[in-house]
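Trainee: I am new to this structure. Could you walk me through how to read it?
Mentor: Gladly; let us look together.

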Amino acid sequence: MKTFYVTTPIYYVNAKPHLGHLYTTILADALARHHRQCGAQTFFLTGTDEHGQNIERTAEKNGIPVKEHVDGVVAEFKDAFAKFGLQPDHWIRTTDEYHERGAQVLFQKVQEAGFIYKGHYEGWFCTGCAEFKEETEPGQAPWCDLHDRHAERVAEESYFFKLAEFQDRLLDLYENNPEFIQPEARRNEIISFVKGGLKDLSVSRVSVKWGIPVPGDPQHTMYVWFDALSNYITALGFGNDVRQGFETFWPVVLHLVGKDILRFHTVYWPAFLMAAGVPVPKTVFAHGMWLSGGRKMSKTLRNTIDLGILLKYFTREQVRYFCLREMSFGQDGDFTYEALIGRVNADLAAGWGNLSSRTLTMIRNSCDGVLPNASAEISDEARNAVEAVKAAFAEAEKTYLTEFERIATGRAVEAVWHMIATLDKYLSDHAPWKLAKDPAAQPLLETVLYMAAEGLRHITVLMAPVMPEAAQAIWQQLGFAGSPADVNPETLSWEALPSGTHIGEIQGLFPRLDKGKVMTDIKQDEAKQAAAEAASLAATEAAPTAAAPAPAAMPALTVESPAVPVVEEKGYITIDDFTKVELRVAQVLEAERIPKADKLLRLQVDVGEEKPRQILAGIAMYYEPEKLVGRKIVVVANLAPRKMRGLESQGMLLAASIGEEGRPVLATFTEDVPNGARLK
Ligand code: ME8
């Protein structure tokens with residue numbers, strides 16, 4: 001029997017799930033359903049990555065024990081995925097005992113094979129990526145674009161994995177197994193990365209307590225990526241006897257990952273496995289990233305699409321359809337609600353929905369609701385038209401299967417929409433509503449409606465992995481027993497419909513959405529949510545005891561967190577005091593670093609005056625200058641000018657001061673505001 005093992009990344013539990021996590025899991029769910037429908041023994045694995053410094057710190061910041069924190073977020077992930085109807089066969093947690101044991105066995109095997117040694121690590125680490133970063137400028141903390149922050153200095157005893165020894169074996173793997181890294185463009189990137197040379201990898205930390213102890217040396221915890229990657233085999237019982245399936249499913253696996261974590265999966269992971277003498281996975285497929293406002297959607301950048309809002313305005317299957325249809329093979333895609341509404345209205349309401357309700361209504365009205373069969377008594381011309389539809393379907397079905405196999409679900413679904421268009425045209429050409437008025441045209445009418453019903457059956461079978469609930473509902477409306485998911489799309493053929501079958505109750509499945517209204521409501525919800533998040537962020541991230549340390553130059557006016565008792569300390573001010581401060585909307589026109597001043601950025605801002613103003617701001621450690629250009633911010637416009645580093649600063653920015661380090665977060669607007677508008 002064929003097998004199909006598909007995995008998603010296991011997700012970090014330092015924030016709630018968002019559309020990005022949902023997307024990979026929807027993709028895995030659809031692929032698993034497709035392969036199951038094609039008769040394969042299928043295993044779909046997802047789960048959560050629960051160890052590491054970032055998670056330890058998030059729990060600390062929230063003031064709760066780490067296990068309690070991770071249990072809470074895991075419940076949120078499981079709940080969100082269940083609400084979207086996703087059905088993994090197993091949910092692995094890296095805090096599960098069997099996983100911890102299995103990961104230790106893998107570590108031990110690598111160690112026994114002589115590929116791990118003890119040394120001292122000194123360098124940079126981004127906790128967001130859980131990745132060691134190379135220094136770009138001597139002595140300077142490297143900047144992480146993905147997490148919008150600098151890496152941190154680490155200097156400690158560490159176990160190292162001899163990654164450098166695997167360069168040739170990895171290159172051979174890529175060379176001999178072109179399907180190992182997909183798509184092709186990503187494969188080339190990894191090949192050139194590995195050709196550039198590999199360094200040994202630090203695989204343990206003594207300063208991180210929340211992790212799996214290194215076997216035989218519990219002072220050290222395992223590097224979180226070693227722990228996390230091993231989930232793909234511990235879930236199948238590797239190194240433990242709690243789980244099963246290793247012999248059945250490994251190594252013929254498809255690892256679905258975002259391109260952000262491809263290197264871990266195609267360099268570290270096969271190297272760890274080779275070192276331990278375990279076969280390497282068959283394929284790692286990197287999909288593109290959902291962007292929002294032009295940047296990768298991520299919890300760090302706070303530009304994610306909220307799953308609650310999605311479910312409030314859309315059905316889970318509409319979201320699923322959009323994700324599977326819209327994300328082009330391996331490319332990034334911009335997520336907008338407008339595009340989602342567009343697909344719902346054009347493809348679902350006017351496309352599949354219209355075809356099915358049209359077909360079913362005609363069968364109800366012209367055939368007493370009984371599915372007709374094709375008649376032999378039709379003209380050659382009519383017969384040719386039937387053959388043309390069948391040929392177009394055969395072609396599209398072939399494309400569908402090929403594209404699903406390539407994980408190009410958008411193309412596969414597109415092929416189904418060719419079938420819908422073909423059938424729509426066939427119906428318009430033959431106008432069965434007119435044929436129904438002519439008793440002599442009865443054989444042709446039955447043929448046309450048979451073609452519509454049987455064509456709709458094909459479409460419904462192919463849509464079963466993409467929109468399982470809608471497919472099931474249309475199946476029942478057609479009067480069929482069982483499920484379209486039980487029909488193998490590889491052996492679909494034009495069949496006589498079971499005679500005497502009565503169609504079910506006709507129900508519209510795909511209502512049109514009112515774009516204007518839905519967009520207005522969503523914008524309102526988003527604004528409310530942003531305000532609530534900002535308030536809770538200020539409450540949780542504020543330093544509860546000490547105020548933020550003053551940066552060397554203090555050009556940013558920071559809003560103290562509510563946890564600092566400003567009122568008691570300083571007393572009330574009058575409205576007159578407040579109006580003395582002239583706060584205005586400004587737009588950043590230019591931004592650049594100032595040589596030899598690590599902390600300062602020089603900005604040119606438009607405050608709605610004749611000329612732009614120059615403002616020096618102590619935010620260079622936290623904001624990349626080019627990313628500020630175009631942004632609307634708030635400035636204190638009537639502050640006396642002052643000179644810093646020989647340059648005049650003609651105002652001050654407004655920013656919240658977050659955490660003990662006093663990280664500035666610029667005040668901004670979610671709605672459009674003119675430059676120079678006064679804040680009162
Ligand atoms: O990286 N667009 O976890 P993570 C599309 N724990 N997919 C996205 C996305 C976006 N904007 N944002 C996230 C980790 N994803 C590690 C993985 S695996 C052994 C350990 C999806 O919570 C995508 O699949 O940061 C991406 O690779 C993954 O979530 C990262 O999830």
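Mentor: Let us start with the cysteines. A disulfide is a pair of cysteine sulfur atoms within 2.5 Å, and a search of the whole structure finds zero of them. This is a predicted model, where local features need pLDDT of at least 70 and side-chain atom pairs pLDDT 80 or more, while totals for chains, interfaces and linings use all residues. Residues are numbered from 1 along each chain as its sequence is written, and side-chain values use heavy atoms, without hydrogens and water.

Trainee: Is C129 buried or exposed?
Mentor: Buried means under 20% relative accessible area, exposed over 50%, and partly exposed in between (1.4 Å probe, protein chains only). C129 has 9%, so it counts as buried. C323 is buried too, at 0%.

Trainee: Which domains does the chain have?
Mentor: Domain bounds come from an automatic or database domain assignment. Here it gives domain 1 (3–287), domain 2 (338–491) and domain 3 (575–679).

Trainee: How many residues of domain 1 and domain 3 take part in their contact?
Mentor: Contact means heavy atoms within 4.5 Å. Four residues come from domain 1 and six from domain 3.

Trainee: What area is buried between domain 1 and domain 3?
Mentor: Buried area is the accessible area (1.4 Å probe) that two parts lose on being put together, summed over both. For this pair it is about 410 Å², with 41% from carbon and sulfur atoms. In domain 1, W143, D148 and H150 lose the most area to domain 3, together 76% of what that side buries.
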